[in-house]
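Here are my notes on the model, as numbered points. Please read them with the coordinates open.

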Amino acid sequence: EDQVTQSPEALRLQEGESSSLNCSYTVSGLRGLFWYRQDPGKGPEFLFTLYSAGEEKEKERLKATLTKKESFLHITAPKPEDSATYLCAVQARGGADGLTFGKGTHLIIQP
Amino acid sequence: SQTIHQWPATLVQPVGSPLSLECTVEGTSNPNLYWYRQAAGRGLQLLFYSVGIGQISSEVPQNLSASRPQDRQFILSSKKLLLSDSGFYLCAWSVTGLANYGYTFGSGTRLTVV
């Protein structure tokens, strides 16, 4: 069974204080690893897809990296508007054509 | 551009009542369509997915069903709601070969069963 574990569950940072969110996964053949941002009461917003170990992608203050067992979402010099829940999900080869999600990391950036 | 519409935004229904949630996609053809549920303290759970009209796959045995009467329409239904059906229901779409764009989610329906 595919599993995704995100840590920490919650993280409170000061504005400008960089940090990383972790996503550990077990999957029977990885087709892709996805990162989403979700604001309260809204649907998840797509951020990145990573396909193979060693791959990195960046968008503004966010950078996602991937190894064979985990992915990190690095947040550099965050701003209050980066506050949200960040979700990690995996898609397995040969399995149901859907994503398996972690429970998310609730990130709060204090001004 | 592609857009996804989901309604209603919020719904309060009594136990034992029926349910119908609708999702439509614009700007793409033959999308893969999905229904997810997000319950408090839990991750998004895949309920159903569809790769074409009339083709429905269920991931979790439950009190719900799904139908796809048209290419860009996906409906989630229940004949009799249970308290445990409460949650945030999300519709999503993807197109095979466009994984770089991820799965696009709708704005969700907050269902409270009372």
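1. Start with Pro8(A). Pro8(A) sits in the loop between β1 (3-7) and β2 (10-14) of chain A. Strands here are DSSP runs of E, at least two residues long, and helices are runs of H or I, at least four, numbered from the N terminus. The peptide bond from Ser7(A) to Pro8(A) is cis, with omega about -10°. Chain B has a cis bond too, between Trp7(B) and Pro8(B), where omega is about 0°. Pro8(B) lies in the loop between β1 and β2 (10-13) of chain B.

2. Ground rules. This is a predicted model, so local features need pLDDT of at least 70 and side-chain atom pairs count only at pLDDT 80 or more, while totals for chains, interfaces and linings use all residues. Residues are numbered from 1 along each chain as its sequence is written, chains are lettered from A and ligands numbered from 1 in the order in which they are written, and side-chain values use heavy atoms, with hydrogens and water left out.

3. Positive phi in chain A. Two residues deserve a look at the backbone. Glu60(A) is not glycine, yet its phi is near 55°. Glu60(A) belongs to the loop between β6 (56-59) and β7 (62-66) of chain A. Glu60(A) counts as exposed because its relative accessibility is 70%, the cut-off being over 50% of relative accessible area; buried means under 20%, and partly exposed lies in between (1.4 Å probe, protein chains only). Ala77(A) also has a positive phi, near 45°. Its place is the loop between β8 (70-75) and β9 (84-92) of chain A. At 35% relative accessibility, Ala77(A) is partly exposed.

4. Salt bridges. The total over all chains is six, a salt bridge being a side-chain nitrogen of Lys or Arg within 4 Å of a carboxyl oxygen of Asp or Glu. One of them joins Arg37(A) and Asp39(A), with the closest N and O atoms 3.1 Å apart. Arg37(A) is buried at 16% relative accessibility, whereas Asp39(A) is partly exposed at 22%. Another links Glu56(A) to Lys63(A), at 3.8 Å between the closest N and O atoms. Here Glu56(A) is partly exposed at 48%, and Lys63(A) is partly exposed at 27%. In chain B, Asp71(B) and Arg68(B) form a salt bridge at 3.2 Å, N to O. Arg68(B) is buried at 3%; Asp71(B) is partly exposed at 22%.

5. Asp85(B). Leaving aside residues up to four places away in sequence, Asp85(B) touches Arg37(B), Asn63(B), Leu64(B), Lys80(B), Leu111(B) and Val113(B). Contact means heavy atoms within 4.5 Å. The side chains of Asp85(B) and Asn63(B) make a polar contact of 3.0 Å. Such a contact is a pair of N or O atoms within 3.5 Å; within protein, one must be able to donate a hydrogen and the other to accept it, and residues adjacent in sequence count only if both atoms are side-chain atoms. The side chain of Asp85(B) also reaches the backbone nitrogen of Leu82(B) at 2.8 Å.

6. Strand β1 of chain B. β1(B) (residues 3-7) has a covered face and an uncovered one. Ile4(B) and Gln6(B) make up the covered face; Thr3(B), His5(B) and Trp7(B) make up the uncovered one. β1(B) pairs antiparallel with β3(B) (residues 19-26) over five bridges. Pairing requires at least two DSSP bridges between the strands. Ile4(B) stands opposite Val25(B) in β3(B).

7. The interface. Chain B contributes 21 residues to the contact and chain A contributes 20. Together they bury about 1500 Å², 54% of it on carbon and sulfur atoms. Buried area is the accessible area (1.4 Å probe) that two parts lose on being put together, summed over both. The rule finds zero salt bridges between chain B and chain A. Four residue pairs are in polar contact there, both residues at pLDDT 80 or more. On the side of chain B that touches chain A, β4 (32-38), β5 (44-52) and β9 (87-94) each give two or more residues. β4(B) gives the most, with four.
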